[in-house]
Amino acid sequence: MGLKVLKENYYDIMQNAENELMFCVKVRDGEPDRPYIEYDGGANALFYRRPGQVILLDEVHADARKSILTAEEILFAEFIPKGEQAKPEDGGVIREYMVAVRKVEKLPDFDTDEPQKTGKQILRVSYDFIDNGDGELMLVMDAPEGSPDDETAKFVYDGFTEAMLVRNDSQIIHLPVISEPIRDMLSGLETVMVSEMNGEEISDVYEAQIEIQDGALPIA
């Protein structure tokens, strides 16, 4: 078993005329603590953001590899990716900090947290969340074709800004934006009530078990 790492799906590398680099990465919970990257000159780098949190930066652009090897430290900027902002004011860089570079002969063996693709149909519908004021949460959404599996429905939250509803054995509803008040509620709940609508008529109501994970959702 190799080192367990998270896969970074949202990052970019910027380089100025002096070959100085800045990595732009998706913001994560918790402050960085003695961060550094390990790099062997190849396609991957390992970003040790804080103790117990290692992030894979894969497919490092060929033009940046030499600059990484010659750098002592690199500027990192954390941001909320476009399309995941709950409000316009949530955009922009959240924090910046310097990250030391450790050159190694070969990166350690590692396993990523990237889930296997599900093979299910990925659907996108209109949706909203309703807080009833009693600590209960309802997901109200347009009803897709087919019937939900009321017994096994599952609400999977990435621990950051997006979620998916596993509606049945063949369908996943992608919920790309979870607002901050709803994020706060999800951490203290076990289930969410789902109300499916056909126009103004309720077609089905059921509970979905909440599952919180740290990392990208298993959807394309």
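Here is a walk through this predicted model, from the whole chain down to a few side chains. Local features need pLDDT of at least 70 and side-chain atom pairs count only at pLDDT 80 or more, while totals for chains, interfaces and linings use all residues. Residues are numbered from 1 along each chain as its sequence is written, and side-chain values use heavy atoms, with hydrogens and water left out.

Let's start with the big picture. Of its 220 residues, 42% count as buried, meaning under 20% relative accessible area with a 1.4 Å probe, protein chains only, while exposed is over 50% and partly exposed lies in between.

Now for the inside. In soluble globular proteins, nonpolar side chains tend to be buried together. Here the largest nonpolar core has 23 residues, and Leu139 and Phe155 touch the most other members. Such a core is a set of buried Ala, Val, Leu, Ile, Met, Phe, Trp, Tyr and Cys residues joined through side-chain atoms within 4.5 Å. Among the elements that each supply at least two of its residues are strand E12 (137–142), strand E13 (154–157) and helix H2 (180–186). A second, separate core of 21 residues includes Ile37, Tyr39, Ile55 and Ala64.

Next, look at the aromatic rings, which form seven pairs. Rings of Phe, Tyr and Trp (its six-membered ring) pair if their centres lie within 6.5 Å; planes under 30 degrees apart count as stacked, over 60 as edge-to-face and the rest as tilted. Phenylalanine 47 and phenylalanine 76 have ring centres 4.5 Å apart and planes at 35°, so they make a tilted pair. This pair links distant parts of the chain, with phenylalanine 47 in strand E5 (residues 45–50) and phenylalanine 76 in strand E7, 29 residues apart. Phenylalanine 47 is buried at 1% relative accessible area, and phenylalanine 76 is buried too, at 0%. Ring pairs join both to Tyr11, Phe23 and Tyr97 in a cluster.

Strand E7 (residues 73–79) also carries glutamate 78. Is glutamate 78 buried or exposed? At 0% relative accessibility, glutamate 78 counts as buried. Its side chain makes polar contacts with the side chains of arginine 49, at 2.8 Å, and arginine 95, at 2.5 Å. A polar contact is a pair of N or O atoms within 3.5 Å; within protein, one must be able to donate a hydrogen and the other to accept it, and residues adjacent in sequence count only if both atoms are side-chain atoms.

Methods
Helices (H or I, at least four residues) and strands (E, at least two) are DSSP runs, numbered from the N terminus.
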